[in-house]
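Dear colleague,

I am handing over the structure below, followed by notes on what was found in it. Please read the notes with the coordinates open beside you.

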Amino acid sequence: MKALKYILAGILFGIVMTKSEAISWYRIQEMFRFQSFHMYGIIGTAVAIGVVAVAIIKKFKLSDTDGSPILFPDKEKTWMRYILGGTIFGMGWALTGACPGPMFVNLGYGYFVFIVVIIAAIFGTYAYGFLMKKLP
Amino acid sequence: MIEFISQPWPWYTSGAVIAFVMILLFYFGKTFGFSSNFRTLCAMAGGKKQSALFDFDWRSQTWNLLFLVGSIIGGYISATFLSGNGAVAIADATLNDLAALGIGAPQGLQPTEIFSWNALMSVQGWIMLLAGGFLVGFGSRYAGGCTSGHAITGLSTLQMPSLVAVIGFFIGGLFTTHVLLPIIL
């Protein structure tokens with residue numbers, strides 16, 4: 001049961017990413033060309049609801065299923081890695097039309113060539129781990 | 001009902017469901033962040049000898065790997081039982097821009113010019129799929145998160161670093177779309 005709830009959450013994620021067409025390279029191109037509101041609407045709605053939900057969780061000090069308080073630890077306040085890492089990520093996002101989640105959803109959908117993209121991404125993460133001490 | 005949810009979902013429904021997934025993971029005591037799985041997979045492959053980044057008990061991240069497995073199943077279910085996705089109805093302006101790059105109108109979710117085994121026979125295919133994937137894996141870990149961790153969760157929790165990362169996503173994405181793609185394709 002403990003395992004099942006995460007699989008079910010993942011299934012819901014996979015379905016919504018497919019049915020919203022957010023896993024489509026075409027939709028990401030449309031977004032980066034500012035030619036449709038679709039992707040902005042998806043992310044905007046998710047964030048708007050998310051902001052309210054997080055505010056409610058904080059205000060009422062809600063707990064998770066284990067009874068521990070739900071906390072939102074602050075990310076470290078350095079900037080170089082966010083802007084440089086973000087830019088590198090964005091380049092890959094525009095090329096593959098997929099961020100990490102949609103790579104796997106595409107695989108399940110039947111676009112098997114995404115296994116190549118996934119393996120490349122694992123190598124990319126591996127390369128970052130290897131180089132991280134030398135990066136700004 | 002099945003027919004109703006088999007159509008493409010409008011943006012507001014999709015955004016709400018994604019927020020629900022994030023809140024569900026908070027409720028389970030976890031944080032929505034998909035790219036962490038790449039780090040976990042590197043740790044499982046024995047990466048801790050190479051980098052401190054991979055020196056942690058990957059079993060603590062099993063929940064996220066299960067979420068990953070679920071997302072693959074979700075894609076399969078959509079294709080098999082909820083297959084309303086025909087051609088993606090993108091804007092005419094995008095159709096024209098892509099036609100100029102030699103990418104045809106959508107017939108499914110992905111352009112076959114890029115997402116096919118045949119594409120791997122060309123230099124373009126290698127750049128789009130292999131270099132693209134590599135940059136996503138490298139950049140997401142460097143930035144400490146991807147769309148789910150920064151754009152959705154980070155912005156929902158009002159984290160400035162996540163806003164900076166999202167601005168970076170767009171700097172890289174806009175540069176690639178408007179400057180690099182016309183050269184590559």
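Helices (H or I, at least four residues) and strands (E, at least two) are DSSP runs, numbered from the N terminus. This is a predicted model, in which local features need pLDDT of at least 70 and side-chain atom pairs count only at pLDDT 80 or more, while totals for chains, interfaces and linings use all residues. Residues are numbered from 1 along each chain as its sequence is written, and chains are lettered from A and ligands numbered from 1 in the order in which they are written.

**The two chains together**

Counting two residues as in contact if their C-beta atoms, placed from the backbone, lie within 7 Å, 97 residues of chain A are in contact with 107 residues of chain B. At least two residues of the side of chain A that touches chain B come from each of helix 1 (2–19), helix 2 (25–32), helix 3 (38–59), helix 4 (80–96), helix 5 (100–109) and helix 6 (114–131) of chain A, and the largest share, 16 residues, is that of helix 4 of chain A. By type, this side of chain A divides into 57 nonpolar, 28 polar and twelve charged residues, where Ala, Val, Leu, Ile, Met, Phe, Trp, Tyr, Cys and Pro count as nonpolar, Asp, Glu, Lys and Arg as charged, and the others, Gly among them, as polar.

**Core and buried positions**

A residue is taken as buried if 20 or more other C-beta atoms lie within 10 Å of its own, exposed if 12 or fewer, and partly exposed in between, with C-beta atoms placed from the backbone. A nonpolar core is then a set of buried Ala, Val, Leu, Ile, Met, Phe, Trp, Tyr and Cys residues joined through C-beta atoms within 7 Å. The largest such core has 86 residues, of which Val117(A), Ala121(A) and Ile18(B) touch the most other members, and its largest share, nine residues, comes from helix 6 of chain A. Leaving aside residues up to four places away in sequence, Val117(A) touches Thr96(A), Ala98(A) and Met103(A) as well as Leu129(B), Gly132(B) and Gly133(B).

Two further positions in chain A deserve a look. Ile15(A) lies in helix 1 of chain A and counts as buried because it has 24 C-beta neighbours inside 10 Å; with residues up to four places away in sequence not counted, Ile15(A) touches Gly74(B), Ile77(B), Ser78(B) and Leu82(B). Gln29(A), in helix 2 of chain A, counts as buried because it has 25 C-beta neighbours inside 10 Å, and under the same exclusion of residues up to four places away, Gln29(A) touches Gly97(A), Thr94(B), Leu98(B) and Thr177(B).

**Chain B**

Chain B has eight helices and zero strands, and 49% of its 185 residues count as buried. Along its principal axes, the C-alpha trace of chain B spans about 45 × 45 × 35 Å.

In helix 5 (residues 92–100) of chain B, Thr94(B), Asp97(B) and Leu98(B) are buried. Seen down the helix axis, these buried residues fall within an arc of 95°, so they line one face of the helix, the arc being that of the directions from the helix axis to the C-beta atoms. They pack against helix 2 of chain A, while the face turned away from the buried side carries the exposed residues Asp92(B), Asn96(B), Ala99(B) and Ala100(B).

Helix 3 (residues 36–44) of chain B is mostly covered, with eight of its nine residues buried. What covers them includes helix 5 and helix 6 of chain A together with helix 4 (62–81) and helix 6 (123–142) of chain B. Just after helix 3 of chain B, Gly46(B) takes a positive phi of about 90°.

With best regards
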